[in-house]
Amino acid sequence: MAVPPALLSHESTEHYTPQYILDAVIACMGAIVLDPCSNSREIPNVPAARIALENGLVQPWEGRVFLNPPFGHDVERWFSKLYLEWSAGRTTEAIVLWKSATETAAWKTLTAISCRVYFPSARIRFVGPFGDDGPGPTFSPALFYVGTQAKRFEEAFAQIGALWVVPGKFY
Ligand SMILES: C[S@@+](CC[C@H](N)C(=O)[O-])C[C@H]1O[C@@H](n2cnc3c(N)ncnc32)[C@H](O)[C@@H]1O
């Protein structure tokens, strides 16, 4: 039996960030410097000073980064890249929109550098490639903060859900 597309949305690459999340990202960090996995050069969904379309994993990630990666079995490579760029001091701050998948290696890589995680109290309705609401997500979303200004993150996303202070992160 064929599986309906909505049930596969956790594997989708084309699920764009809704505006209320982008507003909170900008309220937290200020203007976004880099979207390393943009949807389009002509009409990028994320208002970043720099975008990458196909080579996001091979260029330096400098400044304030917003990352909503292509989901899928190899998603960890995006978090390994962020780990590397943050550890090298090129990325100064980052917010990641991904999901709650605590059993995965990808989760462990991402939470090794995140100091705060928000678990939204409602499913996030991603935007589809044609501007409409995309398929309903089948996963529980999570928002990760990598940086030293945790209070700003907490305030910007305060309405969204439940906060987890990652143990051992004293920012
Ligand atoms: C989940 S969407 C996010 C789009 C946009 N950044 C946003 O938050 O609304 C991920 C995007 O990454 C693009 N993508 C896939 N592989 C990529 C790569 N290696 N480098 C840059 N972008 C890539 C896909 O085409 C897709 O549009």
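This report covers the ligand site and the salt bridges of a predicted model.

**Ligand site**

The ligand is surrounded by 22 residues, and the closest of these are E14, T17, D35, N45 and L53. By residue class, the shell around the ligand consists of 10 nonpolar, 9 polar and 3 charged residues. The space that the ligand takes up is the largest pocket.

T17 places a polar side-chain atom 2.6 Å from an oxygen atom of the ligand. For E14, an N or O atom of the side chain is 2.8 Å from a ligand oxygen atom. C37 takes part through its backbone, where an N or O atom lies 2.9 Å from a nitrogen atom of the ligand. On its own the ligand has 600 Å² of accessible area, and the protein covers 89% of that area.

**Salt bridges**

The structure contains 6 salt bridges.

| Residue pair | N to O distance |
|---|---|
| R116 and E154 | 2.6 Å |
| E85 and R90 | 2.7 Å |
| D74 and R77 | 3.3 Å |

How exposed are the two residues of the pair D74 and R77? D74 has a relative accessible area of 32%, so it counts as partly exposed, since this class lies between 20% and 50%. R77 is also partly exposed, at 43% relative accessibility. The salt bridge between D74 and R77 therefore joins two partly exposed residues.

Is E85 buried or exposed? E85 has a relative accessible area of 2% and is buried, because the cut-off for that class is under 20%.

Note on methods. Residues are numbered from 1 along each chain as its sequence is written. This is a predicted model: local features need pLDDT of at least 70, side-chain atom pairs count only at pLDDT 80 or more; totals for chains, interfaces and linings use all residues. Side-chain values use heavy atoms; hydrogens and water are left out. A residue is near a molecule or strand if one of its heavy atoms lies within 4 Å of it. A polar contact is a pair of N or O atoms within 3.5 Å; within protein, one must be able to donate a hydrogen and the other to accept it, and residues adjacent in sequence count only if both atoms are side-chain atoms. Accessible areas come from the Shrake-Rupley method with a 1.4 Å probe; for residues, only the protein chains shown count as cover. On a 1 Å grid over the protein atoms alone, a cavity is a set of points where a 1.4 Å probe fits but cannot get out, and a pocket is an open set with protein on both sides within 12 Å along at least five of seven lines; lining residues have an atom within 4 Å of a point. A molecule sits in a cavity or pocket if more than half of its atoms lie within 2 Å of its grid points. Ala, Val, Leu, Ile, Met, Phe, Trp, Tyr, Cys and Pro count as nonpolar, Asp, Glu, Lys and Arg as charged, and the others, Gly among them, as polar. A salt bridge is a side-chain nitrogen of Lys or Arg within 4 Å of a carboxyl oxygen of Asp or Glu. Buried means under 20% relative accessible area, exposed over 50%, partly exposed in between (1.4 Å probe, protein chains only).
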